[in-house]
Amino acid sequence: MLRDHRTVTSVVTSDLCMSCGICQPSCHVDAITVINDKKRGMFIPVIDETICDFCEEAQVGKCVIVCPGVEVNFTKLSEKFIEGQNHSPILGNYDKCYYAHASDHDIRFTSSSGGLVTSLLIFALEQKLIEGVAVITMDTGLEPRGIIARTTEEVKAAAGSKYCPAHLGDALTEIANSDGRYAVVGLPCHLHGVRKLEKINPRLKTKILYHFGLYCANTNSFHGTEYFLKKNEINPEEVSQLRYRGMGWPGMFSLKMKNGEKKTIKRGTTETDKQRRAVFSSAFHYDFQLPRCFTCNDLTAELADISFADPWNKKFIAKERVGKSMLVVRNKIGDELLKLAAKMGAIVLEEADPEEVARSQNVDFKNGAQSRLKALNFLGKATPHYVGKKQTINIRYMWNLGFHIMSFLPKNRLTLKLLPLVQFSRRVLLKFGNIL
Ligand SMILES: Cc1cc2nc3c(=O)[nH]c(=O)nc-3n(C[C@H](O)[C@H](O)[C@H](O)COP(=O)(O)OP(=O)(O)OC[C@H]3O[C@@H](n4cnc5c(N)ncnc54)[C@H](O)[C@@H]3O)c2cc1C
């Protein structure tokens, strides 16, 4: 557990931070700035101790109360915000599941999955249901920004998944200081934090009308993207714009270079060359994961009104090339928006079998969260506290933390030299019967 609960500084030093930035708007004296910590390769909050009043000397600061890195009470938060009548250990509480895509071909083609997030946000803006939406945009370079998009063009420009740290601190601060109603798009951890923030700030709760959640297996540090680019003989410094997804489904990386050149790189999921596939997995799963992601047990964004994912089922992998999304609807507000958007022709919706939806993802990694948590705890690391999600402890998951040893090491010249050795050992261990 965390030793010092007064500010989120201890969350960062305990490796529990996941770059979400939710602590920033929780601060009543604006003492928190979120910065890019180049060493860690992630966003972290920095407290100005000349301004911080330690929440008037409280034992637990508000920034720690809202921090999803420290605690998530799924039972209480679901009771308060999610009405879904059905339950599955993978999907959480839900009402219905769908396959869907944007009616607009360009949105569908340029977004990550089927462009459902982008088309629903544009629909809600155009119908004047909301004034703006907190999204993650990446207009220049390799560092994304959380903004409030208030126009169709701004929402379109923010489409696509960013597989790197992304924070909503500035965007949520803007919502807290503005009038009107908004939507928020985020990963499971963003939404854990947003819901906790709404609990202590009821005014903010009335301003955030829609909570859109993205499924998330894990987030990797900025070092992961840099490593992947270098392995593809691209100098990260020369990149003027990067899109991780888009150009159909499942899509590809597309880059604009500072000299005007355009490049594309296949994603691991479509890569047939084993060596190149291993580089992709190393960069975006095995070796550059944020340490806090190892103990996250929420794949499907269980605290969202609607959760959005890729339909990784055989039938779509074999045939779908333009774009398709998979949706889990968790309450009335999400259901009403979806049905209205379908009725008015903004999206194409088809009901899906929840069991098929649950089976479509590789849940093995998330199933091991509680086991890894125990192992890290045993090693003396601070770990998060969860209420309301039961997982059995399995020694296999404890051991396979070793597969990810690089994620816990700082990235410098020396440790990066070890990377080929770690990758080779992992390949050998996997080949000879998944010893770990
Ligand atoms: C780090 C990460 C891991 C993911 N893991 C999985 C997975 O394991 N399985 C799976 O099925 N799907 C996963 N997804 C979700 C998937 O990639 C798509 O985002 C989702 O299906 C929505 O597609 P769409 O076409 O409807 O979204 P789009 O219309 O392309 O819109 C995407 C929206 O998400 C916002 N966004 C992008 N990146 C981030 C970010 N890092 N943090 C917060 N908001 C962001 C954008 O601002 C945009 O509004 C992941 C996404 C991310 C970012």
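1. Cysteine 67 is buried, at a relative accessible area of 8%; buried denotes under 20% relative accessible area, exposed over 50% and partly exposed in between, with a 1.4 Å probe and protein chains only. A disulfide is here a pair of cysteine sulfur atoms within 2.5 Å, and the structure holds zero disulfides. Cysteine 97 is likewise in no disulfide, the nearest cysteine sulfur being that of cysteine 216, 19 Å away. Cysteine 97 counts as buried, with 1% relative accessibility.

2. On provenance, this is a predicted model in which local features need pLDDT of at least 70 and side-chain atom pairs count only at pLDDT 80 or more, while totals for chains, interfaces and linings use all residues. Residues are numbered from 1 along each chain as its sequence is written, and side-chain values use heavy atoms, with hydrogens and water left out.

3. The protein chain contains 20 helices and 17 strands; these are DSSP runs numbered from the N terminus, helices being H or I of at least four residues and strands E of at least two. Along the principal axes, the C-alpha atoms fill a box of roughly 60 × 55 × 50 Å.

4. Of the 436 residues, 57% count as buried. Contact means heavy atoms within 4.5 Å; among contacts between residues at least 6 apart in sequence, 72% join residues at least 24 apart. The accessible surface of the protein chain is about 19,900 Å², and 54% of this belongs to carbon and sulfur atoms. Accessible areas come from the Shrake-Rupley method with a 1.4 Å probe; for residues, only the protein chains shown count as cover.

5. Helix α18 (residues 369–378) is largely enclosed by the rest of the structure, because seven of its 10 residues are buried. The buried residues are Ala369, Gln370, Ser371, Arg372, Leu373, Ala375 and Leu376. Their cover includes α17 (364–367), β17 (385–387) and α19 (395–399). Glycine 380, which follows α18, has a positive phi, near 90°.
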